[in-house]
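Q: Can we go through this one together? I'd like the core and then the interface.

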Protein chains: 2
Amino acid sequence: VVLGAGRVGALVAADLAEDSGLDVTAVDRTGSALEPLAAAGLTVRQADCGDPREVALAIEDAAVVVGAVPGFLGYRVAEAVLHAGRPLVDISFLPEDPMRLDGLARKAGVPAVVDCGVAPGLSNWIVGHAAARLGGLEEVEILVGGLPFRRSWPYEYRSVFSPSDVIEEYVRPCRMRSAGRDVVVPALSGVEPVEIEEVGTLEAFCTDGLRTLLHTIDAPTMVEKTLRYPGHADRMRMLRETGFFDEEPVVTDRASVAPREVTEALLRRAWTPDPDEEEFTVLRVRLRGRDGTSEVSTLFDRTDRERGTTSMARTTGFPAAIVARMVADGSWSVPGVSPPEKLGADAALTDRLLAELARRGVRIRTTSPARA
Amino acid sequence: VVLGAGRVGALVAADLAEDSGLDVTAVDRTGSALEPLAAAGLTVRQADCGDPREVALAIEDAAVVVGAVPGFLGYRVAEAVLHAGRPLVDISFLPEDPMRLDGLARKAGVPAVVDCGVAPGLSNWIVGHAAARLGGLEEVEILVGGLPFRRSWPYEYRSVFSPSDVIEEYVRPCRMRSAGRDVVVPALSGVEPVEIEEVGTLEAFCTDGLRTLLHTIDAPTMVEKTLRYPGHADRMRMLRETGFFDEEPVVTDRASVAPREVTEALLRRAWTPDPDEEEFTVLRVRLRGRDGTSEVSTLFDRTDRERGTTSMARTTGFPAAIVARMVADGSWSVPGVSPPEKLGADAALTDRLLAELARRGVRIRTTSPARA
């Protein structure tokens, strides 16, 4: 059962349905989201994922449940699934700490794989795999970004997500690890240029994307940064520092309103992609192991024009669909909450993930440029 | 009688009061604005300049009235003064076309000198003077800006005016003349670097500042641009194009509000100068006469720390105070509305203006760098 039939959930459901051994049901509150899936022959069910009782009814007897609802609903949905004792694979990127669900999952005796997208997701997997292979890690740097190929002034950015989620990345303090110490730096800080072969120079800046890795990986240096076209961070910082992201209301002669509400409405307009605008997703993970080995893993994926899927949906949805199969066939059955780095420690599962991604055109190249 | 005792009005009143031959009354709605003037021995009168009847009472028998009220009140105040048959010198920069008051002033048989600040103001005077001396003009370029010495990211700008007036400059289409034709270009367009000896490289961009010059001067090429530190125009254009200056309300879940209202509140905070922050005003007028002569007139004025006056107040207020004397003593008595370029055509008045400005430390240097 796939809960949520947005861009990502629909892709997950369609991917799973191609497997003749699986009986897939897609669930969403809005009929229009389900229509194309029903037309493609999938079983669909209209239900409100925000209502735990409706969720419980929809997932009865499911071998695995994929959570693909908006972030703000994520925790509630995950809780309902684990309460019902069903295995979970989640890509809702719930803002809460997913480890808080660990007790519930253990009690139910079911696996719950969380943060199962691209980053968090594939990034965690790559780090977990390297930590196991290289006998621990010294340094981790994760860079990730989804961008349009066409650079349009002033933001050179498009988003199919709500601007609220993007702004959240630009305001939330970033937890990192530096020389063995946990540090917190402001979002949008640490701006530096990064060369990406396929598109040229991008800029990287700190965001709060390490999440579970801060607890599961003991590398003394760990950094996560978001990639945008150069200049984006400065513009966003200008808006933030002027107060345009403030939730504290501004009182004018005629209204009292949180600037962030107005900003979100304006940026939604500015950031909506044009029809057929092509985009790409880039993920680069640089690692240095305790044994001195350096590695760089890179993913570069672009809009699939033939199938009409965005790289954002592909790189987020395929990992979830592949892990859902691992859970469904019992290849991953450890009870409790597991972030992807836990699965990454298993070489066989990693081989399977990479092969399945490659079969779908998503390739992760890993090179070892130098030995320290 | 000086109507309005804000930063500029107070300086005009104090300047006029130094003249033992003049009996000066400063008028303002707020007592706190009048207090320092009363303490300095000036006659003050608390009255609401937004009420034409109160204005009429305040200006009875005045030899000359200086209008120094906020722009939105300017037209109403000017009308009240001319209705009462009193001569007017105005620096309110009323958004309306001041020539609409010409009939009223002629009927009253009194002079009304409008736009009597720095630019519009001294800029017009310089152009009018050159047009008379050089037998007409081929080209006029006016650059003007008021800026803080300290450049603080991101705007590198401060304003004691309402942000609303500044935003207005950034949204109003700019009327220019190019190769003999009237053209309209967007504000913030035509960005180019400009070297200013005292402060380095600034940027100039189009704003709608030619006003009366478009009708009084028949030069085939006339341009007005505002000066800021480089990068300011791009930031303002970003805000404008995203919709942050829109007056059309944005409807959010909780409110319906014009983005411009919120933006003005936030920019007021961002643009308020720190106490004792020093600023400068720069004006540069480049001219080419029909006779082939090129001339550059430059004014550079800075905060007067000893007297505690800003260059903005000095360069705006002194021209008004000097012209008010010319009207009071009958040196300028032409009935009807006259912009400063009309007075500039008179060589004796020009000599007097420049000498009086210089006595107050405001110097306009005119050089003739080359002959075409």
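A: A nonpolar core here is a set of buried Ala, Val, Leu, Ile, Met, Phe, Trp, Tyr and Cys residues joined through side-chain atoms within 4.5 Å, where buried means under 20% relative accessible area with a 1.4 Å probe, protein chains only. This is a predicted model: local features need pLDDT of at least 70, side-chain atom pairs count only at pLDDT 80 or more, and totals for chains, interfaces and linings use all residues. Residues are numbered from 1 along each chain as its sequence is written, chains are lettered from A and ligands numbered from 1 in the order written, and side-chain values use heavy atoms, without hydrogens and water.

Q: Which residues touch the most other members of the largest nonpolar core?

A: A:V12, A:V89, A:V127, A:L137, A:L283 and A:V323, out of 64 residues. Helix 11 of chain A (residues 311–328) supplies the largest share, 10 residues; helices are DSSP runs of H or I, at least four residues, numbered from the N terminus.

Q: What is A:L283 in contact with, leaving aside neighbours within four places in sequence?

A: Its contacts (heavy atoms within 4.5 Å) include A:V118, A:L122, A:I126 and A:L299.

Q: Now the interface. How many residues of chain B are in contact with chain A?

A: 28, and they meet 28 residues of chain A.

Q: How many salt bridges across it?

A: Six by the rule, which takes a side-chain nitrogen of Lys or Arg within 4 Å of a carboxyl oxygen of Asp or Glu. One of them joins A:E261 and B:R254, at 3.4 Å, N to O.

Notes. Buried < 20%, exposed > 50% of the residue type's maximum accessible area, 1.4 Å probe, protein only. Helix = DSSP H or I, 4+ residues; strand = E, 2+ residues; numbered from the N terminus.
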